[in-house]
Amino acid sequence: MLSAVTTAAVTMAAVTAGCSSPGTAPASARTPATGTAGTAGTAGTAGTAGTAGGTRTAGAVGYWTKSRLLTASAWRASRIAADQAAGQTAGQTAGQAAGPSAGASPNAHASLKATRVGALFLRVGSDDHFCTASVVSSPGRDLLITAAHCINGGDGSGYRSDLVFIPDYRDGEAPYGIWTPTRLLVAPGWAKSANPALDVGFVVLEPRDGENIQQVLGANTLAFNPGYRNLVRVTGYPQSASAPITCRNWTTEQSASQLKFSCGGFTGGTSGSPWITRFDSATGTGAIVGVIGGYQQGGDTASVSYSAYLDNAIKQLYDQAIAG
C-alpha cells in the first residue's frame, strides 16, 4: 500500500442530462480525454491534483440509445468462467437471511431494487461496455465510486469516453434518469502503471433537473481501513446487464492490499460493485468497504471477487474528489 497518492483527473464540459434519444454523438463528444498525473505528495498528503488533459462536448446522453444500452457488453468479460451458470442461479442464496456461515460460498440472486447502485456505461474505442457504480456520500452530493479500471485503462492509456450512469438500470430503462460526469478521478499509480492496490475511481456527476444525485437517491458512506473481515452485501450488473444481482457473505484477507469475497454469479460488468457492510434494510444504506476490482481487476472467475483495501491512499483520493 502507498503512503501518499495524487490524482489524475479529467474534466468534462457540461452535458445536458435527460432521457436517452436516438442519434449519434458529435465526433468531439466521442473523443477520449486523457488526464495528467499530479505531482507526488509527501507521506500522508494527497499531493497535487492532475490537470485536465481534455474536454468533452454535449452528446454522451444522445449517444446511448436504447439499442446501444441493450447491446453493450460487460467490461472485463473474462470474468465469465465455467462456474457462471451455477453462479447465476437465482434463489440459491445460502444464509442470506441470517448471514452465511464461515466458509460458505453462496450464489447471487436477482436484486429487486438497487436505487443507489447503477450501470456505468462507457465506450472503449469503438466498443460499448458497462461496469457498475454507486452513489457515495459527499459534501457536494454528486459523487460515485467504481473501479478505476472502469473509467481509466491504466498503464498510460487514459480515460474512457461517453460515460453515463443509470441508477437501478433495468433492461434498457432508466427509472431515475441518465446522469453524466463532469470529472473522473483515479490515482496516478493506477493511471501510470495499473497498480491493483489503487483500483478505485471516483466520478463527479453533473446535476440533473436542478438536483444532485445524492439529493434524489441518498448515498452510502465510505468506511476507510475497515479491517479484513466484514459481512457485506454486494450488488452489481452481470454479463446479461438486464438487471442487477446481489449476494451477502463475509470478506477475507487476500493480501495486505486486497479483500476477497466469495459468491457465484459476479461475471463481467460487476466491476465497481460496492461492498456494503452494516446494511440497514429500512433505509437501504450502509458503509462501503470495497468495490469489485483490484487483484486480477476483480477476479478471473465469477465465483471469487476482489477489492483494493480502502486504506489511507484511497482516502486521499476521495478527499481530492470532494475538494473539487
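Let me start with a hairpin: strands S15 and S16 form one, with four residues between them, and Gly284 in its turn has a positive phi of about 75°. Helices (H or I, at least four residues) and strands (E, at least two) are DSSP runs, numbered from the N terminus. Two strands pair if DSSP finds at least two bridges between them.

Before going on, a word on the source. This is a predicted model, in which local features need pLDDT of at least 70 and side-chain atom pairs count only at pLDDT 80 or more, while totals for chains, interfaces and linings use all residues. Residues are numbered from 1 along each chain as its sequence is written, and side-chain values use heavy atoms, with hydrogens and water left out.

Back to S16. S15, residues 274-280, pairs with S16 in the antiparallel sense over five bridges, and Asp280 stands opposite Thr285 in S16. Strand S11, residues 221-222, also pairs with S16, in the parallel sense and over two bridges. There, Leu222 stands opposite Ile288. How many of the residues of S16 are buried? Seven of seven, so S16, residues 285-291, is mostly covered. Buried means under 20% relative accessible area, exposed over 50%, and partly exposed in between, with a 1.4 Å probe and protein chains only.

Most residues other than glycine have a negative phi. Gln296 is partly exposed, with a relative accessible area of 29%. Ala194 has a positive phi too, of about 50°, and is not a glycine. It sits in the loop between helix H5 (188-193) and strand S10 (201-205). At 18% relative accessibility, Ala194 counts as buried.

S17 brings us to another set of strands. S14 and S17 pair in the antiparallel sense over five bridges, with Leu259 opposite Ser307 in S17. On its other pairing, S14, residues 258-262, runs antiparallel to S13, residues 245-255, and four bridges join them. A hairpin of two residues connects S13 to S14, and Ser255 stands opposite Gln258.

Last, the salt bridges. A salt bridge is a side-chain nitrogen of Lys or Arg within 4 Å of a carboxyl oxygen of Asp or Glu. How many does a search of the whole structure find? Six. I will describe some of them.

Lys66 and Glu173 meet at 2.6 Å, N to O. This pair links distant parts of the chain, 107 residues apart: Lys66 is in helix H2 (residues 66-71), and Glu173 is in the loop between strands S8 (161-167) and S9 (181-186). Lys66 is partly exposed at 42% relative accessibility, and Glu173 is partly exposed at 41%.

Arg123 and Asp162 meet at 2.9 Å, N to O. Arg123 lies in strand S5 (residues 117-124) and Asp162 in S8, so the pair ties together parts that are 39 residues apart in sequence. Are these two residues buried or exposed? Arg123 is buried at 9%, and Asp162 is buried at 1%.

Asp319 and Lys315 form a salt bridge with their closest N and O atoms 3.1 Å apart. Both lie in helix H7 (residues 312-323), four residues apart, about one turn of the helix. Asp319 is partly exposed at 30%, as is Lys315 at 35%.
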